[in-house]
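Let's look at some strands and their partners. Keep the structure open while you read.

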Amino acid sequence: MYNEGDVDVSLVRLFTARIETGEFDAENTVPWVRDARQRLAPGTWTNSDANNAVTETADRLALDQRVADQSLVLLKNEAVAGKSLLPLKVPASGAYRVAVIGAYANPSSLYLGGYSSNQGPAGVAKEVNAYQGVKAAVQKADPDATVDYYPGVTGAKLDTVDAASVAAAKNYDVVIVVAGTDQNTADEGADRSTLALPGAQSSLISQVAAQNPHTITYLETMGQVDTGDFQSQVPALLWSSYNGQRRGSALADVLLGTANPGSRLPFTWYRSLDQLPAIDDYTIRPTATSAGRTYMYFKGDVTYPFGYGLSYSDFTYSNLRVAHGTADANDTLRVTADVTNRGSRAGDAVPQLYVATPFEPASAQRPVKRLEAFQKVTVAPHQTKRVSFTVPVSQFAFYDEAAKRYKVDLGKYELQLATSSSDVAARTSVKVGGTLLPTPSVVTAKPAQAGDAAQGIVQRGMFDRGTTIDPKLTVSMADESVYGYVTKDASVPLPKGLRTTFRSDRPQVVRVDAHGTIRTVGAGVATVTATVHYNGKTASTSFVVHVS
């Protein structure tokens, strides 16, 4: 049951945040608003098409392109006639022909993803699609080059392969097929029912690749798609999610080698829909009817593993070391390794550190492995860099339902240095013992005054003068054990040794005595800060007291 006190506390919290962010102040007195507007012409920050997307400045569009450069994942880059297809070797002059094919390659405006900005004509004018980006970059490198666009598929549902596009593909030095998804594939209110590319796009890719072995496919999709129909036919394959307004320029950067792809897949790319459980089956671990979910539990064959991504550089990993072979559950592991670039160009490596528990029986249902740390490091050609990982052993913990807290399994853990969840470059181990100590993580308060319990009042913001305040603290520990006030008649005693201190910012309104008793002494408003001390750690919260 909620009462006036609960509403008061919520309103104080809400309005405090709104005041702190300057909502009720004159706009020219709010620092972050004032500073942002000083970078624009007066009045142009208002939401109006007449402003011609002035806030999409050159600097911001350049940032958009740099981010998009780093968002592309190179999935495949096989040799054609003995040479890797990517990056493209565009000559400085002379005949060079490129075809860009696909309905998503040259749309009238870009689909930027759900909840992205609605671009007016001025914003659309600043977009760069795949065809535009590739054409500009190729012809900048070779003014004599020809870059043509073909639709590839036709129909409202993209369900018909355009025969003329396929036939034309054989006449080019390289073909780039752009395929994807958009709001018609799925949105917040409707999930996908298949992993297939919409319409006839898969067939288009296969047919084009059959015409021209120098075919590159770029997939810009809302997640993985089924690539089985063309996976073996295309020598080069790239993926990204919706890649911003300058996606075409970024694609060109990666295709021509101006940017070296360094992004990695943030999900497991399953081989087929058959490997996934029903949409209403939320079980993550394998069962009699499901192979499990995610890289942590799924043991079947996949198209591409979690964390996977190629580069134009050639990286090797070595010298995996952990500072100490044994550790306590409360310790932090310090792990180092070397990354060497054996290639001819600088690139970004992403070493990943996974942990496994081979000592646990199958009945414990522990993950196959868990990603505990990773780094993105730029390595020059023929250079070796040392990378360091710091991993709190507490991250190894699992929640114990019976104990109602996290516990660290005791045993010999395997540490894996890898380029993806499936590609392990080196292994070492560490033996973990001890017990995870609970330390305060989050403290909350539901302050009430004397007599409130009898009236069913759980918390309040308005207090009488001359009364004592019970802060009713709840302490959530880092191991997710909970102490103090939980709900009415369900409190858990604070653990032995835990100490609390209180401080009032206006002692003339609220006074804290030497024994920690909080008392209202005068009219006004005060903020009381409560700090919990336990096992060498502290956590704090504050609450507002209005005394009438």
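**Strands and their neighbours**

Six of the six residues of strand β9 (residues 215-220) are buried, so β9 is largely enclosed by the rest of the structure. Buried means under 20% relative accessible area, with a 1.4 Å probe and protein chains only. Strands are DSSP runs of E, at least two residues long, and helices are runs of H or I, at least four long, all numbered from the N terminus. The model is predicted: local features need pLDDT of at least 70, side-chain atom pairs count only at pLDDT 80 or more, and totals for chains, interfaces and linings use all residues. Residues are numbered from 1 along each chain as its sequence is written, and side-chain values use heavy atoms, without hydrogens and water.

Q: Which residues of β9 are buried on the side of I216?
A: In a regular strand, side chains alternate between the two faces of the sheet. In β9, T215, T217 and L219 are buried on one side. The buried residues on the other are I216, Y218 and E220.

Q: Which residue of β9 is the bridge partner of G180?
A: Two strands pair if DSSP finds at least two bridges between them. Strand β8 (residues 174-180) and β9 pair in the parallel sense over six bridges. The partner of G180 in β9 is E220.

Q: Which residue of β10 is the bridge partner of T217?
A: β9 also runs parallel to strand β10 (residues 236-240), joined by five bridges. In β10, T217 has as its bridge partner L237.

How values were computed: Buried < 20%, exposed > 50% of the residue type's maximum accessible area, 1.4 Å probe, protein only.
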